[in-house]
Amino acid sequence: MSLQIDSIDPASGTQGDQVTLTGTLLRAQALRWGDEDWDETFWEGGVSGNGASEITFQVPPGEGKVQVVAVNGDEQSNTMEFTYE
């Protein structure tokens, strides 16, 4: 099953805010947040009530718009966008 991000909530915020990615993410080994890769020691993951997997993550420092991608080795999910307020 391919990595897939279905949603990012919220899609905008500031450093330190908590965001939740939902989709097919159980095999994710890292999150690419802009130009930085963050491994699973930086997030909490699990399965939601509807069977989708979730990753909860604190927004790192940044500005503008960044692309968010789940990564497992050479495999990458689709891209979602987060906007710093």
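This is a predicted model: local features need pLDDT of at least 70, side-chain atom pairs count only at pLDDT 80 or more; totals for chains, interfaces and linings use all residues.
**Entry: salt bridges**

I searched the whole structure for salt bridges and got three. As background, side chains of opposite charge can pair when their charged atoms come close. I then went through the pairs one by one.

**Entry: glutamate 75 and arginine 27**

I found the side chains of glutamate 75 and arginine 27 joined in a salt bridge, at 2.5 Å from N to O. Glutamate 75 belongs to strand 9 (residues 75–76), while arginine 27 sits in the loop between strand 3 (18–24) and strand 4 (30–33), so this pair ties together parts that are 48 residues apart in sequence. I checked the arginine as well: arginine 27 has a relative accessible area of 39% and is partly exposed.

**Entry: arginine 32 and aspartate 37**

Next I looked at arginine 32, which makes a salt bridge with aspartate 37; their closest N and O atoms are 2.7 Å apart. I also find this pair listed as a polar contact of 2.7 Å between the two side chains. Arginine 32 is partly exposed at 25% relative accessible area, and aspartate 37 is partly exposed at 42%.

I stayed with aspartate 37 for a while. What does aspartate 37 touch, leaving out residues up to four places away in sequence? I noted Leu31 and Arg32. Aspartate 37 is part of strand 5, which covers residues 36–39. I also took a distance to glutamine 58: aspartate 37 and glutamine 58 are 21 residues apart in sequence, and their C-alpha atoms are 13 Å apart in space.

**Entry: lysine 65 and glutamate 81**

Which side chain meets lysine 65 in a salt bridge? I found glutamate 81 there, with an N to O distance of 3.9 Å. The cut-off for a salt bridge is within 4 Å, so this pair still counts. Lysine 65 is in strand 8 (residues 65–72) and glutamate 81 is in strand 10 (residues 80–84), so the pair ties together parts that are 16 residues apart in sequence. I get 56% relative accessibility for lysine 65, which counts as exposed. Glutamate 81, at 37%, counts as partly exposed.

Note on methods
Residues are numbered from 1 along each chain as its sequence is written. Side-chain values use heavy atoms; hydrogens and water are left out. Helices (H or I, at least four residues) and strands (E, at least two) are DSSP runs, numbered from the N terminus. Buried means under 20% relative accessible area, exposed over 50%, partly exposed in between (1.4 Å probe, protein chains only). Contact means heavy atoms within 4.5 Å. A polar contact is a pair of N or O atoms within 3.5 Å; within protein, one must be able to donate a hydrogen and the other to accept it, and residues adjacent in sequence count only if both atoms are side-chain atoms.
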